[in-house]
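Please read this briefing alongside the sequence and the model shown here.

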Amino acid sequence: MTLSDLTAVSALRRVQTRSISPENFDGSVGGGARATEGTGADCARDLGPGWKISPSVDIKAGETFDLAAIDGPGRITHIWITTHTDNWRTLVLRAYWDGADEPAVEVPYGDFFCNGWGVFAQVNSQVIAANPHGGFNSYWPMPFREGARLTIENTSVVDVRVYYQVTYEIGGDYSADGYFHAQWRRSNPLEELIPHTILEGVEGQGQYVGTYIAWGVNSNGWWGEGEIKFYLDDDTDHPTICGTGTEDYFGGAWNFDIPGQGYTAFSTPYLGMPQVIRPDGLYVSQQRFGMYRWHLADPIHFSTGLPKVDIQALGWRSGWRYLPLRDDIASTAMFYLDRPTARRPKSPSASDMEVHLGTAPVPDLGSTPPREPRS
């Protein structure tokens, strides 16, 4: 938090705070702790109403649940949410602004909170905090002028239990604020000699504010020589902003390697690599990483559009030559825009999001073991 943020906390403003949770589904004044049924009703059978009757919701397989529906202008200030790790790449988080039919946010649940691999990593950043064991928090400001709707889709074949709270303010003037957007794309594997697209075809005025990447390495050797490029406004063949390497963009250097320790996880307010998943000698055969870069102090402004943001995957081959790689790269791009909808990729399916990181079932030694490992 900066000095200006601290100063703003002390300013008196004519706004009101509201909060939506399973204990107050519509955020109404005095509407909390009134539930008489819910997922905690049996646990509170000796206590009665007001004692954690409805702390969570169950979302059936294949269904979409409305986390929050808000009428009128306002700004979401905090989201807290948790569910089991098995669900982090089977749930899709969406946000719709001002009655739009298309979502401005459409991201797998875990990726939005910098935990894209379904394995917990602690994140200590300005806008995303992931705390043990799966307490996910977003402090991205999400203003709207006419209304907001947040949903979560369960793409899995099993029911999912979710605990959540969405806090927001009403009563302010949000007419000059941009709308928050987040888009997810995955290259699995990356095409030969083709950079991974992080964002493309965005029209309007705004600012790019963040990148999260879940990067799975599909070969031996270093993987982070590739440059990230931002094509702004009228850029076509050449970008206005060109980085110098993957680990450079995410704030590290020299392979993220502390000599003697190898890849070293780190998490800071604006950038980090909080997740390093190493091979386990059995079914987890490849290294996987989670990295974020928030452009909070240095937003990337554009006037008429953001034609493209992409990143290369490069390693090394003999003779000090670059080696184009075909890794598994899943990116989430965050930006603010002067309109509630933008060009976006197709909605991710369960197959698009699937992660193969679990161990195989242990065979029953009293029966015939499986012919090959299953994950």
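Predicted model: local features only at pLDDT ≥ 70, side-chain atom pairs only at ≥ 80, totals over all residues.

Residues are numbered from 1 along each chain as its sequence is written, and side-chain values use heavy atoms, with hydrogens and water left out.

- Strand β5 spans residues 91–97, and seven of its seven residues are buried, where buried means under 20% relative accessible area, exposed over 50%, and partly exposed in between, with a 1.4 Å probe and protein chains only.
- Strands here, like helices, are DSSP runs numbered from the N terminus, with at least two residues (E) for a strand and at least four (H or I) for a helix.
- In a regular strand the side chains alternate between the two faces of the sheet.
- Both faces of β5 are covered, with L91, L93, A95 and W97 buried on one side and V92, R94 and Y96 buried on the other.
- β5 pairs with β11 (residues 147–154) in the antiparallel sense over seven bridges, two strands being counted as paired if DSSP finds at least two bridges between them; within this pairing, Y96 stands opposite R149.
- β5 is also joined by four bridges to β6 (residues 105–108), again running antiparallel, and here A95 stands opposite V105.

**An open four-stranded sheet**

- An open sheet of four strands has the order β14-β24-β16-β17, with antiparallel pairing.
- Its edge strands are β14 (196–203) and β17 (241–242), each of which pairs on one side only.
- β14 and β24 (residues 305–311) pair in the antiparallel sense over six bridges, and the bridge partner of L199 in β24 is V309.

**Salt bridges**

- The structure holds 16 salt bridges, each defined as a side-chain nitrogen of Lys or Arg within 4 Å of a carboxyl oxygen of Asp or Glu.
- E227 forms a salt bridge with K229, the closest N and O atoms being 3.1 Å apart; E227 counts as partly exposed at 25% relative accessibility, whereas K229 counts as buried at 12%.
- D298 and R293 meet through their side chains in a salt bridge at 3.1 Å, N to O, with D298 partly exposed at a relative accessible area of 33% and R293 buried at 15%.
- K308 and D310 form a salt bridge at 3.9 Å, N to O, in which K308 is partly exposed at 27% and D310 is buried at 6%.
- A network of salt bridges links R94, E102, E106, E153 and R344.

**Cysteines**

- A search of the whole structure finds zero disulfides, a disulfide being a pair of cysteine sulfur atoms within 2.5 Å.
- C43 counts as exposed at 68% relative accessibility, and C242 counts as partly exposed at 40%.

**An exposed loop residue**

- D46 lies in the loop between β1 (16–20) and β2 (57–59), and is exposed, with a relative accessible area of 71%.
- D46 and I258 are 212 residues apart in sequence and 55 Å apart in space, C-alpha to C-alpha.

**Cavities and a pocket**

- On a 1 Å grid over the protein atoms alone, a cavity is a set of points where a 1.4 Å probe fits but cannot get out, a pocket is an open set with protein on both sides within 12 Å along at least five of seven lines, and lining residues have an atom within 4 Å of a point.
- The count comes to two cavities of 30 Å³ or more, where grid points are joined across faces, edges and corners and a volume is the space filled by probe spheres set on the points.
- The largest cavity has a volume of about 60 Å³, and its lining residues include E106, W184 and R344.
- Strand β13 (residues 179–187) gives the largest share of that lining, three residues.
- The second largest pocket has a volume of about 550 Å³; of the 20 residues that line this pocket, the closest to its centre are D86, R89, T90, E354 and V355.
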